[in-house]
Every structure is written in structure tokens, then in C-alpha cells.
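Please read each point with the structure open.

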Amino acid sequence: MDHPYRPLRGLAFLAFLVLVPGLANAQTVFASFPTSESTLSFGILAGDADLAGTAILSPSTQSVTVTGGTFSFGGTVSAPLFRVSRDGSGGNNPLSVTISWNSSIIVSNGAQTATVNPITCHVVASNANDAFNCTNGGTVGLRRDQFVDFRLGGTLSLAANQAAGAYTGTLTVTTNP
Amino acid sequence: MMQTSLSKTFLALPLLALAGAALVLAPATGHAASVGATASVTIQKVVGITKAKDLAFGTLSGTFTDIGTANINAVSGGFSITGGVATMTGPARGEFDITGEPNVAVSVSFQDPTIKLSGPGSFMEADLTLSNASPTLDGSGDAKVYVGGLLTIGASQVSGPYSGSFTVIANY
């Protein structure tokens, strides 16, 4: 003899299958600027007519030192502040997040170029489960609502007789996942 | 009684299905993210320096039985003589033009402030001086510096033309 309630049990089973995938959209990792400090700037420099040189932007002191035929005239010097964070959803197991950025940056004034290489890193603050070693391609272990804040700097090489002008380029920080 | 037992079994199955699906799907974590920053630097003009006029001690005359000196003031262009030098005609301070970023100070120096002038007799030594070792470029990015010096003429200095060279360095 058929049971009168069997069709209703089948509907309940289908409803569960629809809801389960919603749980997979968890543990979202964000790469962002926690403040407005989003420019890697060496300020104002000048080069020698005959001697190449470098300008070194420290991500820890946010200051520029020069070598060789490069001279610094101040201006706005800044090392951008990045935040990699995980939201508060999903499970709380540490999630290993790989953080990477350009191996170098080419800045250009439209006619001449200069290169920032290497790019250096300094961790400013973090509550991560597993610390970030601040290297390109390094990992950080994040539980829910954890983050790491770090700054990037680098060494800019100027050629002898580097043309005057405003040079710009792009630095991209990527996280995976 | 039999119907009740069957009902419990069917209700438990969906719950087990939910648990199984959640265990498999939950590790599928978040997405890759990226954020871009701007890198920037402002490069000023390179400092340039060119010679506009040579430093000339002119023509000196005298008995040259005693050591003497001939001096050219880098700032004023005036001159003076001492000792065995009796007259000095046609002296001129050296003149150098500097270019670079407007309204920026530059540093000027000699590669070696003491030079030797060679000629038919023993060499003579000159100690060079600058009119301004740290001039500020004007609104057009120009500045001028002058070079003077103190030339020492030896006793019994052989007459004739003497010359030497020096290098002026300008930098920010």
C-alpha cells in the first residue's frame, strides 16, 4: 500500500541540493589599500651627465637614499601600503594565500624609461595565523578576519644623462586564491 | 507502527546528503584578487657646464730676481702683483656657464684646485679659486661662475709662454 507522504519527502531532498552550493562561496581573500597610501613614489631626483646611479626607496622608513650620480631633491616620497585579508565567512582553518607582485617596474616619461628592480617589502602589521615572509610569491596563512599589511619599495636605476620629466609605471599585487 | 519507522528513515537521508555535500564543497575557497598601485618619479634636468672664457694671467714683466705672485680675484675680476713681478697686463678670470633645473642650487668644485703651468722654464703653480662654489640657478636654469687664482712666479723664472689646464665640476 502506498504511503501518502512520500512525494513531499522527495521535494525536501531537492531543496537541500540547491542550498548546499551557497556554502562554497566562503573564505574570500581581498587585496586592497587600507589607507589612501597607494603610490610608490621616489619624489624628485636628478641624474649626473656622465654617471649612472640609483635611488633606493625603503619600505620600512619610507625614505630615499641615493648612490652614484643620482641626487634627491625631496618631493613626495611614499611606499604604498597593501592589505591582504580574509573575510569572516566560511571555515576557520588557516588558508594559505600566495602574495605576488611585479618582479620589476618600468617607469616611463613617454620617451625614456627607468627600471625599479628589485622590489622590496616590509610587513607593517599582521594578525595572520602564519606569518608572511615578505617575499614575492611568499605565502601567508589566514584564518577568518585575519590580515597582513605590508609596504613595497625598491631600487630605481637612473642612466647617466637621464632625461628630465615625470616618469610613471604600475605596480600590481596579486593574491591566490 | 510500521509506517512510523519508515518515515524516520526517509527524513534522515536528506540530512546525510547535506553533510556530505558540505564536506566536499566547502574547501573550494575564495578567488584570486589583485590591486594596482602607481609608481612615479620626477627627474630633473641634468646639470651642464661649459667654458665661456679661459683663465688668463696675461703678460707679466719684472726682474724676476725674487719670487713673486700674480693674483686674479674670481669675484671681482681685479688683479694684484707682488715680489719680483712689476707689471701684469691683459689678465682675465675664467668664465663658466652652468645649466640645469631652475631655482636649484648646484655645487661647483675643481677636480684639483692646484695646477701646474708648464713652459720653457720650471713649472709655476697656481692655486685656483671660484667666485661661488654653490650658486643657485636662476628662473631659466642658468648660472655663471668665475675662476681666479694665485700664480707663483719663481726667482729667475725663464721667460716665455706657460700653460696648464684644470677641470671644473658642477653637480646638484
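1. Second pocket, contributing strands. In this predicted model, β2 (48-53) and β12 (168-171) of chain B each supply at least two residues of the lining of the second largest pocket. Strands here are DSSP runs of E with at least two residues, and helices are runs of H or I with at least four, numbered from the N terminus. The greatest contribution comes from β12(B), with 4 residues.

2. Conventions. Residues are numbered from 1 along each chain as its sequence is written, and chains are lettered from A and ligands numbered from 1 in the order in which they are written. Because the model is predicted, local features need pLDDT of at least 70 and side-chain atom pairs count only at pLDDT 80 or more, while totals for chains, interfaces and linings use all residues; side-chain values use heavy atoms, with hydrogens and water left out.

3. Second pocket, lining and volume. The lining consists of A:D48, A:A49, A:D50, B:V47, B:G48, B:I49, B:V168, B:I169, B:A170 and B:N171. By class, 6 of these residues are nonpolar, 2 polar and 2 charged. Ala, Val, Leu, Ile, Met, Phe, Trp, Tyr, Cys and Pro count as nonpolar, Asp, Glu, Lys and Arg as charged, and the others, Gly among them, as polar. The space in this pocket is about 180 Å³. A pocket is an open set of points on a 1 Å grid over the protein atoms alone, where a 1.4 Å probe fits, with protein on both sides within 12 Å along at least five of seven lines; lining residues have an atom within 4 Å of a point. Grid points are joined across faces, edges and corners, and the volume is the space filled by probe spheres set on the points.

4. Largest pocket. The volume of the largest pocket is about 480 Å³. Its lining has 26 residues, and B:F57, B:G58, B:L117, B:M124 and B:Y162 lie nearest the centre. The elements giving two or more residues to this lining are β3 (59-62), β9 (114-117) and β11 (142-153) of chain B. The lining divides into 16 nonpolar, 8 polar and 2 charged residues.

5. Nonpolar cores. The largest nonpolar core holds 40 residues, of which A:F42, A:W101, A:F150 and A:L156 touch the most other members. Strand β1 (residues 33-44) of chain B gives the most to this core, with 6 residues. Apart from it lies another core, of 31 residues, including B:I72, B:V108, B:L117 and B:Y162. A core is a set of buried Ala, Val, Leu, Ile, Met, Phe, Trp, Tyr and Cys residues joined through side-chain atoms within 4.5 Å. Buried means under 20% relative accessible area, exposed over 50%, and partly exposed in between (1.4 Å probe, protein chains only).

6. Aromatic pairs. There are 9 aromatic pairs over all chains. One of them, A:F82 with A:F150, is stacked, at 5.7 Å centre to centre and 25° between the planes. This pair links distant parts of the chain, 68 residues apart: A:F82 is in strand β7 (residues 81-86) of chain A and A:F150 in strand β12 (residues 147-158) of chain A. A:F82 is buried, at 1% relative accessibility, and A:F150 is buried at 0%. Ring pairs also link A:F33, A:F82, A:W101, A:F132 and A:F150 into a cluster. Rings of Phe, Tyr and Trp (its six-membered ring) pair if their centres lie within 6.5 Å; planes under 30 degrees apart count as stacked, over 60 as edge-to-face and the rest as tilted.

7. Disulfide. The count is 1 disulfide over all chains, a disulfide being a pair of cysteine sulfur atoms within 2.5 Å. It joins A:C121 to A:C134, with S to S 1.9 Å. The link is left-handed, with -65° about the S-S bond. A:C121 is buried at 17% relative accessibility, and A:C134 is buried at 15%.

8. Backbone points to inspect. The peptide bond joining A:N117 and A:P118 is cis, with omega about 5°, and A:P118 lies in strand β10 (residues 113-126) of chain A. The bond from A:N176 to A:P177 is likewise cis, with omega near 0°. B:N103, not a glycine, has a positive phi of about 65° and is exposed at 57% relative accessibility. B:S156 has phi near 60° and is exposed, with a relative accessible area of 59%.
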